[in-house]
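I opened the notebook to look at one chain.

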Amino acid sequence: MAGAAPTTAFGQAVIGPPGSGKTTYCLGMSEFLRALGRRVAVVNLDPANEGLPYECAVDVGELVGLGDVMDALRLGPNGGLLYCMEYLEANLDWLRAKLDPLRGHYFLFDCPGQVELCTHHGALRSIFSQMAQWDLRLTAVHLVDSHYCTDPAKFISVLCTSLATMLHVELPHVNLLSKMDLIEHYGKLAFNLDYYTEVLDLSYLLDHLASDPFFCHYRQLNEKLVQLIEDYSLVSFIPLNIQDKESIQRVLQAVDKANGYCFGAQEQQSLEAMMSAAMGADFHFSSYPCHLPGYSGEGETWGSGMATGGAVIIPVDD
């Protein structure tokens, strides 16, 4: 149908423990995306989230409220929240009816902070899976408070939680160390920041903890946990300072590569912009040693004839 909105939509599922900065991230990222010219729809999936600082396009509180559930069923906050997510899972027609008119927007889903929802409870994963059936391509953006870097033992537990979340949620995944602007107030780091975001050789953590009596008592268990994390080789972190535009840009670049947005035609991207996102560095077409069929280099854009997602193969003359 002429003028219809694109069928494929993209977005981020913002997850993480309570207090890790999910709502603040949604506010900052939505403002940054609008400055780039993207149409953004922020969706609140947390029934306990009150006083939202951002403009909310869809609020799960219109379907089910945590306070009402706790009063009616005499549940505590955790049990009530699990019930709310199961109720949303059973009423996904309501969610789809709210999202369908927003096709053509970039979605930010502000998710609940209960860790069990992302590590072993099935409701949130089922909701994300159903969104994929609606042709909504999401990247899980997992926020971890950067103060855990100051305690190597806690950092190992965070790595295990991040790994469990990645395997359970079953989405392309980007891990962020949030509140980097406050890290100097948390105390001295055991290692340089690059260690947590680039190197991540966990043998150094084990050596650093060798003098801890509690750790030594469970040393064999911790060594097995470290071995498990290293065997998967999946956990890495990107530092995030929500006040720094360059920091947000680095995060968005990683997210757009993970869900395939940067390879699509949503913004009619030029070859130069797309290759910069794919290669993680500035790219200049004039220095690239090949010519693409049908590309004159003047006024044309790259990506409009490509399928979103997957690898990009550029033919090079022999």
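My entries follow in the order I made them.

**Entry 1: overview**

I noted at the outset that this is a predicted model. I counted 13 helices and seven strands in the protein chain. The chain has 318 residues, and 44% of them count as buried. I then checked the contacts between residues at least 6 apart in sequence. Of these, 73% join residues at least 24 apart. I also looked up the surface. The protein chain exposes about 16000 Å², and carbon and sulfur atoms supply 50% of that area.

**Entry 2: helix 12**

I turned to helix 12, residues 245-259.

Next I looked at the two ends. At the start of helix 12, a side-chain oxygen of Asp-244 comes to within 3.2 Å of the backbone nitrogen of Glu-246. Just after the helix, Gly-260 has a positive phi of about 90°.

Then I listed the buried residues of helix 12. They are Ser-247, Ile-248, Val-251, Leu-252, Ala-254, Val-255, Asp-256 and Asn-259. I checked the spacing against helix geometry. An α-helix has 3.6 residues a turn, so residues three or four places apart point the same way. What do the buried residues of helix 12 pack against? I found strand 1 (9-15), helix 1 (22-35), strand 4 (106-110), strand 5 (136-145), strand 6 (173-178) and strand 7 (237-239).

**Entry 3: Asp-256**

Is Asp-256 buried or exposed? Its relative accessibility is 6%, so Asp-256 counts as buried; the cut-off for buried is under 20%. I looked up its contacts, leaving out residues up to four places away in sequence. Asp-256 touches Arg-38, Tyr-106, Tyr-261 and Cys-262.

**Entry 4: salt bridges**

How many salt bridges does a search of the whole structure find? I got four. Side chains of opposite charge can pair when their charged atoms come close.

Glu-62 forms a salt bridge with Lys-98, with the closest N and O atoms 3.2 Å apart. Glu-62 lies in the loop between strand 3 (56-59) and helix 2, and Lys-98 in helix 4 (residues 92-99), so the pair ties together parts that are 36 residues apart in sequence. Glu-62 is exposed, at 53% relative accessible area. Lys-98 is partly exposed, at 32%.

Arg-96 and Asp-100 also meet through their side chains, at 3.6 Å from N to O. Arg-96 is partly exposed, with 37% relative accessibility. Asp-100 is partly exposed too, with a relative accessible area of 37%.

Asp-145 forms a salt bridge with Lys-179, and here the closest N and O atoms are 3.1 Å apart. This pair links distant parts of the chain, 34 residues apart: Asp-145 is in strand 5, and Lys-179 is in the loop between strand 6 and helix 8 (193-199). I checked the cover on each partner. Asp-145 counts as buried, at 9% relative accessibility. Lys-179 is partly exposed, with a relative accessible area of 25%.

**Entry 5: a nonpolar patch**

Last, I looked at the surface. Which residues form a nonpolar patch there? I found Leu-73, Leu-75, Tyr-83 and Tyr-87, with about 320 Å² of accessible area together. I placed Leu-75 in the loop between helix 2 (66-73) and helix 3 (77-90). Leu-75 counts as partly exposed, at 31% relative accessibility.

Technical notes: Residues are numbered from 1 along each chain as its sequence is written. This is a predicted model: local features need pLDDT of at least 70, side-chain atom pairs count only at pLDDT 80 or more; totals for chains, interfaces and linings use all residues. Side-chain values use heavy atoms; hydrogens and water are left out. Patches are made of residues with over 30% relative accessible area and no salt bridge: like charges are joined within 9 Å, nonpolar side chains (Val, Leu, Ile, Met, Phe, Trp, Tyr) within 5 Å. Accessible areas come from the Shrake-Rupley method with a 1.4 Å probe; for residues, only the protein chains shown count as cover. Helices (H or I, at least four residues) and strands (E, at least two) are DSSP runs, numbered from the N terminus. Buried means under 20% relative accessible area, exposed over 50%, partly exposed in between (1.4 Å probe, protein chains only). Contact means heavy atoms within 4.5 Å. A polar contact is a pair of N or O atoms within 3.5 Å; within protein, one must be able to donate a hydrogen and the other to accept it, and residues adjacent in sequence count only if both atoms are side-chain atoms.
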